[in-house]
Amino acid sequence: MVQGRHLTSTIKEQSQVNPNVHALDRARTPTKPSRAEVEAAVRTIIRWTGENPDRDGLIETPARVTRSFQEFFSGYGQDPVEILEKTFEEIEGYDEMIVLRDIGFESHCEHHMAPIIGRAWVAYIPSGRVVGISKLARVVDIYARRLQIQEKMTAQIANTINDVLKPQGVGVIIKATHHCMTTRGVHKPGTDLVTSRMLGCFRDNALTRQEFLGMAS
């Protein structure tokens, strides 16, 4: 009984010392808002712009925006590891580079929620097994359909392929236009950002890396 009282006292003391404990716990397990709450938030944004969300042209906009966001951020509900788990081992010893080029994607910047429109080049050198090429494109889409920064997205794609397929090496290059700097802020249209992530032989072997870079130029 004394031990129980001591434990209760300790918990109370920790809560008093750090009042953010419970807030941090809630942050780790956020409650997903309902569709109605999202639509209400969109109506608030419309009013904030100075518009009337009840006029004919805007009356259905909150529902449309909510459906759009559901599509834009559908990557949170998909597991890229699961996509890559089905592989093929009957490859007759094939151990040369496999490259899927010009994979178009749309993403959104996590700082301004502005569009990121780009293309990805994904390469790997197999080590006894390969994956269906559509799966590579799906991995790109899963990570793109989340709030992102391009650097993180590039690393996520490469790291996941490397962890699941265990190839000799992986290379990922992404080129994208960020509307957070082309349609707002510094307003520099026509610019794009290029990022890359090289693992295994793509990092260690200059010739392998150069071959891949040549395919993406």
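The model is predicted, so to speak of local features a pLDDT of at least 70 is needed, side-chain atom pairs count only at pLDDT 80 or more, and totals for chains, interfaces and linings use all residues. Residues are numbered from 1 along each chain as its sequence is written, and side-chain values use heavy atoms, with hydrogens and water left out.

**Confidence**

The average pLDDT (the predictor's confidence in each residue, from 0 to 100) is 90 for the protein, and 87% of the residues score at least 70. Residues 1-17 have a pLDDT below 50, and beyond near neighbours in sequence this stretch makes 2 contacts in the model; a contact means heavy atoms within 4.5 Å. Residues 19-26 also stay under 50, with 2 contacts beyond four places in sequence.

**The α3 and α4 pair**

Helices here are DSSP runs of H or I with at least four residues, strands are E runs of at least two, and both are numbered from the N terminus. The axes of α3 and α4 come within 8 Å and cross at roughly 120°; axes are lines fitted to C-alpha atoms, for helices over the stretch in contact, with angles from 0 to 180 degrees between N-to-C directions. On the α3 side, the contact residues include Arg35, Val38 and Ile46, while Thr61, Val65 and Gln70 are among those of α4. By type, the contact holds 6 nonpolar, 3 polar and 4 charged residues. Ala, Val, Leu, Ile, Met, Phe, Trp, Tyr, Cys and Pro count as nonpolar, Asp, Glu, Lys and Arg as charged, and the others, Gly among them, as polar.

**Two pockets**

A pocket is an open set of points on a 1 Å grid over the protein atoms alone, where a 1.4 Å probe fits, with protein on both sides within 12 Å along at least five of seven lines; lining residues have an atom within 4 Å of a point. Volume is the space filled by probe spheres set on the points, which are joined across faces, edges and corners.

| Pocket | Volume | Lining by type |
|---|---|---|
| Largest pocket | about 480 Å³ | 6 nonpolar, 5 polar, 2 charged residues |
| Second largest pocket | about 170 Å³ | 7 nonpolar, 7 polar, 2 charged residues |

The largest pocket has 13 lining residues, with Lys32, Val38, Thr66, Phe69 and Gln70 nearest its centre. Here α3 (35-49) and α4 (61-72) each supply at least two lining residues, and α4 gives the largest share, 3 residues.

In the second largest pocket, 16 residues form the lining, and Glu151, His178, Cys180, Met181 and Leu193 lie nearest the centre. Two or more lining residues come from each of α7 (150-165), β6 (169-178) and α8 (179-182), with β6 giving the most, 3 residues.
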